[in-house]
Each structure stands twice: as C-alpha cells, then as structure tokens.
Amino acid sequence: MRIRFVTSNQWKFNEISEACRRKGIEVEWVRMKYEEIQADDTEEIARTSCERVSAQLGSGFFLEDTGLYVGALGGFPGPYSSYVSKTIGNAGLLKLLEGKERGAYFLTVIAYFDGTVVRTFRGILEGTIADAPRGSNGFGFDPVFIPSGHSRTLAEMSTSEKNMISHRSSALSRFLEYLAGRGNG
Ligand code: ITT
Ligand code: NA
C-alpha cells in the first residue's frame, strides 16, 4: 500500500516514514506548506486543513497537526506551537515555566480525506518539561520533553525509540488500523 503525507516538516516525515516502513507501507512525501486557520482546537485545524488541501490533491492523502499543551500555562502553546517554537523557542518556554508545575502533553491529530468525509485520529504523549534542554535528535520541543516513565528527553532518543511511544505514532497506528479495516491495508 502507498499513501501520501502532506507536510512541510522534514522531521515529521522522517518519523512517519520510519513507522510505516516497519509495517510495509510506503509513504510519499508531499512537501507543501498549507495555510492553517487560527483556532484553539488542534482537531479543527487538522480537519479544516485537510478539507482545503483536498481541493488541490483530491483524496488518498493525510496530514497532521501537533501541539504541546503545558498544564501550568493553561494549555499554551497548544495550537500556537509552531509560532512559539520559532519565536521564543525552548529557552523562552523554560523561562515561562520557572518555578511552575512541569506537566505537559503532546497531541497529534491526523486528518484523512477518504473521498467523501474527513476522518481524524488522535495520539497523546504525557510527560514533563525538563529543567534544561538535553539531546540533539528530533526537532521542536523534543529537547525539553521527558515522556512519563522515562528519564531521557525525546531528543535523547532515536527516531525508532520515539516512535515506540509518541503522540504521532499512536495517531498513525489508529489511522493505519482504520485503513486496514476498510480493506486498503
Ligand atoms: P506542517 O504543518 O507543514 O505539517 P509544522 O512544523 O508547521 O509542519 P505544526 O503546525 O503541527 O507543524 O507545528 C507544531 C510545532 O510543534 C512544530 O513546528 C514543532 O516546533 C512542534 N512539534 C510538533 N511535533 C513535535 C514533536 O513530535 N516533537 C517536538 N516538537 C514538536
Ligand atoms: Na500543521
């Protein structure tokens, strides 16, 4: 089976293709930056993006939206994760969290247009924000995110280790189960 993944983000593609390769699924990278609506709900952003992109690509593709939700910051940066990562970055996030509770989670919502409706699949990874950045693998908030039950940050894990636990790979597993159930797998 072959499927298209629409993202401008090289690291997202690397993770998704590694996870798919293990299951014998081929992923084609549609490297494209689509415009996202501004909304406070990751699912709504993914769904709307998928509807818009389908006008251009038809069906048989998926995309995803991911956010980091920090409890002590009322869920911030959430849907603003991309902007926050590019502007204040991990150093700025750590500064905001000085003296605060460190609980956080990642949420990925995959959206897939089946030709008739958009379907969404979620994946969550719970954890804490580290006191300082550690590790050089991965991207974005990986150096400051320690998954629950682990002592290393995501940036101290390999792609395949991250894929064993991540928000993105959980959402992907649900999506692939759905595809297999439809007889496309
Ligand atoms: P596309 O929309 O083109 O897929 P993007 O990078 O803009 O790529 P998002 O809007 O989902 O994607 O951005 C969320 C940001 O959150 C992303 O730019 C990273 O900084 C961060 N992020 C997303 N997934 C992450 C992960 O698994 N680990 C660490 N940081 C992550
Ligand atoms: Na996105």
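These legends describe close-up views of a predicted model. Local features need pLDDT of at least 70, side-chain atom pairs count only at pLDDT 80 or more, and totals for chains, interfaces and linings use all residues. Side-chain values use heavy atoms, without hydrogens and water; residues are numbered from 1 along each chain as its sequence is written, and chains are lettered from A and ligands numbered from 1 in the order in which they are written.

**View 1. The sodium ion (ligand 2) is coordinated by E36 and D65.**
The donors are OE of E36 and OD of D65, at 2.2 to 2.8 Å. E36 sits in the loop between β2 (26–31) and α2 (42–57), while D65 belongs to strand β3 (residues 61–70). The two are 29 residues apart, so the pair links distant parts of the chain. Donors are N, O and S atoms within 2.8 Å of the metal (3.2 Å for Na, K and Ca); water is not among the atoms, so sites may look incomplete. Helices (H or I, at least four residues) and strands (E, at least two) are DSSP runs, numbered from the N terminus. D65 is buried, with a relative accessible area of 6%. E36 is partly exposed at 32%. Buried means under 20% relative accessible area, exposed over 50%, and partly exposed in between (1.4 Å probe, protein chains only).

**View 2. E15 forms salt bridges with K162 and with R168.**
A salt bridge is a side-chain nitrogen of Lys or Arg within 4 Å of a carboxyl oxygen of Asp or Glu. The structure holds 15 of these salt bridges. Between E15 and K162, the closest N and O atoms are 2.7 Å apart. E15 lies in helix α1 (residues 10–22) and K162 in helix α5 (residues 159–165), so this pair ties together parts 147 residues apart in sequence. Both E15 and K162 are buried. For E15 and R168, the closest N and O atoms are also 2.7 Å apart. R168 lies in helix α6 (residues 167–181), so its pairing with E15 in α1 ties together parts 153 residues apart in sequence. R168 is buried, as is E15.

**View 3. R152 and E161 meet through their side chains in a salt bridge.**
The N to O distance is 2.8 Å. R152 is partly exposed, with a relative accessible area of 34%. E161 also counts as partly exposed, at 27%. Elsewhere, salt bridges that share partners join K12, E15, E64, D142, K162 and R168 into one network.

**View 4. Helices α1 and α6 cross at roughly 50 degrees.**
Their axes come within 10 Å. Axes are lines fitted to C-alpha atoms, for helices over the stretch in contact, and angles run from 0 to 180 degrees between N-to-C directions. The two helices are therefore oblique to each other. Angles under 35 degrees count as roughly parallel, over 145 as roughly antiparallel, 65 to 115 as roughly perpendicular and the rest as oblique. The crossing is right-handed: the near helix is turned clockwise from the far one by less than a right angle. K12, E15, I16, A19 and C20 of α1 meet R168, L172 and L176 of α6. Contact means heavy atoms within 4.5 Å.

**View 5. E43 is found in helix α2.**
E43 counts as buried, at 19% relative accessibility. E43 touches V109, T120 and R122, not counting residues up to four places away in sequence.

**View 6. The peptide bond from F76 to P77 is cis.**
Omega is near 0 degrees. P77 lies in strand β4 (residues 77–78).
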